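Please consult the sequence and the structure shown here alongside the points below.

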Amino acid sequence: MMTDRGSISRRSAMAGMGLGLAAAAMPAMAATPGRKIGYAIVGLGSYATRQIMPNFASCEHSRIAALVSGTPEKLERYGAEYGVPKTHRYDYKSFDRIRDNPDIDAVYIILPNSMHAEYTIRAAQAGKHVMCEKPMAVSVAECEAMIAACRKAGRKLMIGYRSRFEPHNRLAIDLARSGFVGPTRVITAEHGFPIRPDQWRLDRPLSGGGSLMDIGIYSLNATRYLTGEEPVEVMAMESTDRSDPRFKTVEDRIDFLLRFPSGVTATCVSSYSSAHNQYRVIGTEGWIDMEPGTPYEGHRMRIRKDGQVADRAPPPMAKNQFAGQLDHLAEAVLTGSPIIVPGEEGLADLRVIEAIYRSAREGRAVKIAA
């Protein structure tokens, strides 16, 4: 996902995070049932403007209330397009003033990975609920700080795992966990694309890593939601051509093998130089295949059972994955219902990611702490 880098710097991010941890939390904001929850969109890059913002039109419980960007031209353009008044447009220096705007119930943080912790903590201190893009942060320590800040402020924290609100993926979870093709024995998950040069995702101080901190998280997260388990061990290998100017500071490809408590093994690929988007659940009686598995649209499921292979499609849903994700947090705010992808879900992925990097670096299997 492309995001709005604006005038943010790594130095300001780390300084802001330190201030955020020290500051006191704001009182909880009451959400009035029957009205739409107002989001402040933090970062106006391509993912925000092309995928997230247009889908508010399909939401039942959510609306765009404010915009945050370091680019005045973007604030003017999208403010006019979405009817956001000038009083509800902020830059990063004035971000903390969102605490004084009762129209803002929640923020959606769509910034470079290394900025997630700072703006989550500051939003919580401003009394706002938080939707944060994945990966949740660049370290386990940052994830834990984000969870603690939102808990202290009494605010909800949700991570933007859109696939959990997509009907094909929801059906795959139900079928895999119920043993539709027998108990799961093996999972394969492969995600990658040839990345363009000259973007923040290839800058380690902003991204925290290469393909694994971007497209590879889809492979990892799929294995966890398809099994309903947490992996206990990983073996990983990195393959990066350092003569390629795109990969001066980040990795290209990481292949990793996960072992789960039930005995399931998952073979995964994360790549910035090859094009694939697929996962397959292999059971004792057949398989469930998703290719493409986690795109913005155009999902396809095939199932092999009793020697027969057939396409299968879930019943249509009123909302696509983006609107479903946005409304999920809104409904949780309005009703107090639980979030299916809270901060702890993002933390779990980062624990595995840190283990994957360590395994690739040290050339050995690494146990994953619970």
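The points that follow cover ring pairs, a ring cluster and charges placed over rings.

The model is predicted. A pair of aromatic rings is described by the distance of the centres and the angle of the planes.

**Phe95 and Tyr119**
- The ring centres of Phe95 and Tyr119 are 5.1 Å apart and the planes stand at 80 degrees, so this pair is edge-to-face, the angle being over 60 degrees.
- Phe95 belongs to the loop between strand E3 (89–90) and strand E4 (106–109), while Tyr119 belongs to helix H4 (residues 116–125); the pair therefore ties together parts 24 residues apart in sequence.
- Phe95 is buried at a relative accessible area of 0%, and Tyr119 also counts as buried, at 3%.

**Phe193 and Tyr272**
- With centres 5.4 Å apart and planes at 75 degrees, the rings of Phe193 and Tyr272 form an edge-to-face pair.
- Phe193 is located in the loop between strand E7 (184–192) and helix H7 (204–207), and Tyr272 in the loop between strand E10 (265–271) and strand E11 (276–283); the pair thus links distant parts of the chain, 79 residues apart.
- Phe193 is partly exposed, with 28% relative accessible area, whereas Tyr272 is buried, with 0%.

**Ring cluster**
- Tyr47, Tyr296 and Phe322 are joined into a cluster by ring pairs.

**Charges over rings**
- Arg280 places its charged end over the ring of Trp287, 3.8 Å from the ring centre.
- Over the face of Phe180 lies Arg312, at 5.4 Å from the ring centre.

Terms used:
Residues are numbered from 1 along each chain as its sequence is written. This is a predicted model: local features need pLDDT of at least 70, side-chain atom pairs count only at pLDDT 80 or more; totals for chains, interfaces and linings use all residues. Side-chain values use heavy atoms; hydrogens and water are left out. Rings of Phe, Tyr and Trp (its six-membered ring) pair if their centres lie within 6.5 Å; planes under 30 degrees apart count as stacked, over 60 as edge-to-face and the rest as tilted. Helices (H or I, at least four residues) and strands (E, at least two) are DSSP runs, numbered from the N terminus. Buried means under 20% relative accessible area, exposed over 50%, partly exposed in between (1.4 Å probe, protein chains only). A charge sits over a ring if NZ of Lys or CZ of Arg is within 6 Å of the ring centre and within 35 degrees of the ring normal.
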